[in-house]
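Please keep the sequence and the model side by side as you read.

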Amino acid sequence: MSATPGRSTPTASVTRIRTTPRQSSLSPFIWGYTPRVSYIMARRALKWRLKHGGEAVPFHVERGVNVTDSLTRGFLGLEGTKESSFTPSEYRKLANEFREDTTSGERAAVLSDLHQFIRFLKERNIRPILFSSPTYREYNRHLESAQTARNLHDIGTICREHDIPYWRYDNDERFTRDDFFNPDHLNKQGAAKLSRILNERLYQLSVNSCQ
């Protein structure tokens with residue numbers, strides 16, 4: 001499960017996908033979220049439904065994703081590096097998009113949902129691991145320090161309460177600019193590198209647990 005220290009709820013561009021009437025009636029409530037989180041997701045979906053028409057559903061993707069590309073284990077990858085996004089002004093612009101609205105109540109809802117999900121997994125003998133995916137180090141310097149500290153505090157509280165690990169990769173120096181599409185998204189090369197790192201760490205975890 002990914003938890004990013006410098007962000008509140010992520011945002012993304014939206015591609016409209018035409019669907020059958022049955023598909024367009026799908027609701028976040030069927031995905032097993034808590035009522036408050038489901039309400040927030042349904043509210044966003046409704047806004048896009050009203051804007052784009054009843055036969056379109058919002059499909060959240062980052063700008064630059066080729067939606068006709070082949071899926072790799074359920075994911076669409078980003079190709080290359082968008083050089084224009086690696087400037088101080090773009091770092092500030094992107095960081096401002098993730099400044100938290102402390103009046104929305106969304107943070108408490110997400111934390112409650114996460115606690116519930118972790119309990120659900122542990123009751124079934126599944127050990128969850130929280131991790132933060134890599135973000136470009138120059139961009140990280142523009143993130144709001146108070147929000148980052150608050151997120152790390154919440155992550156630490158969750159990990160202590162549930163006795164689960166947190167793997168932090170947001171400032172990992174193994175990832176260079178060539179591994180990023182933009183400051184907060186890996187491209188296909190970077191995603192493959194992260195997959196190898198996670199795979200090796202999970203393997204070591206399984207070996208150690210068997211000893």
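**Notes for a first look**

1. The mean pLDDT of this predicted model is 79, and 69% of the residues reach 70 or more; pLDDT is the predictor's confidence in each residue, from 0 to 100. Residues 8-31 have a pLDDT below 50, although the stretch has 55 contacts in the model beyond near neighbours in sequence. Contact means heavy atoms within 4.5 Å.

2. A word on conventions. Residues are numbered from 1 along each chain as its sequence is written.

3. You will find 7 helices and 6 strands in the protein; helices (H or I, at least four residues) and strands (E, at least two) are DSSP runs numbered from the N terminus. Along the sequence they are arranged as β-α-α-β-α-α-β-α-α-β-β-β-α. Of the contacts between residues at least 6 apart in sequence, 79% join residues at least 24 apart.

4. Of the 211 residues, 36% are buried. Buried means under 20% relative accessible area, exposed over 50%, and partly exposed in between (1.4 Å probe, protein chains only).

5. Now for a helix pair. Helix 4 (residues 106-122) packs with helix 6 (residues 145-162) at an angle of about 25°, their axes lying 11 Å apart; axes are lines fitted to C-alpha atoms over the stretch in contact, and angles run from 0 to 180 degrees between N-to-C directions. Residues making the contact include Leu111, Leu114 and Ile118 of helix 4 and Asp154 and Ile158 of helix 6.

6. Is Tyr91 buried or exposed? Tyr91, in helix 3 (residues 88-97), is buried, with a relative accessible area of 5%. Beyond residues up to four places away in sequence, Tyr91 touches Ser85, Phe86, Tyr136, Glu138, Tyr139, His142 and Pro183. Of these, His142 is 51 residues away in sequence and 6.4 Å away in space, C-alpha to C-alpha.

7. Finally, look at Arg174, in the loop between strand 4 (166-168) and strand 5 (180-182). Arg174 counts as partly exposed, at 47% relative accessibility. Leaving out residues up to four places away in sequence, Arg174 touches Tyr169, Asp179, Lys193 and Ile197. The C-alpha atoms of Arg174 and Lys193 are separated by 9.0 Å.

Key. Predicted model: local features only at pLDDT ≥ 70, side-chain atom pairs only at ≥ 80, totals over all residues. Heavy atoms only, no water.
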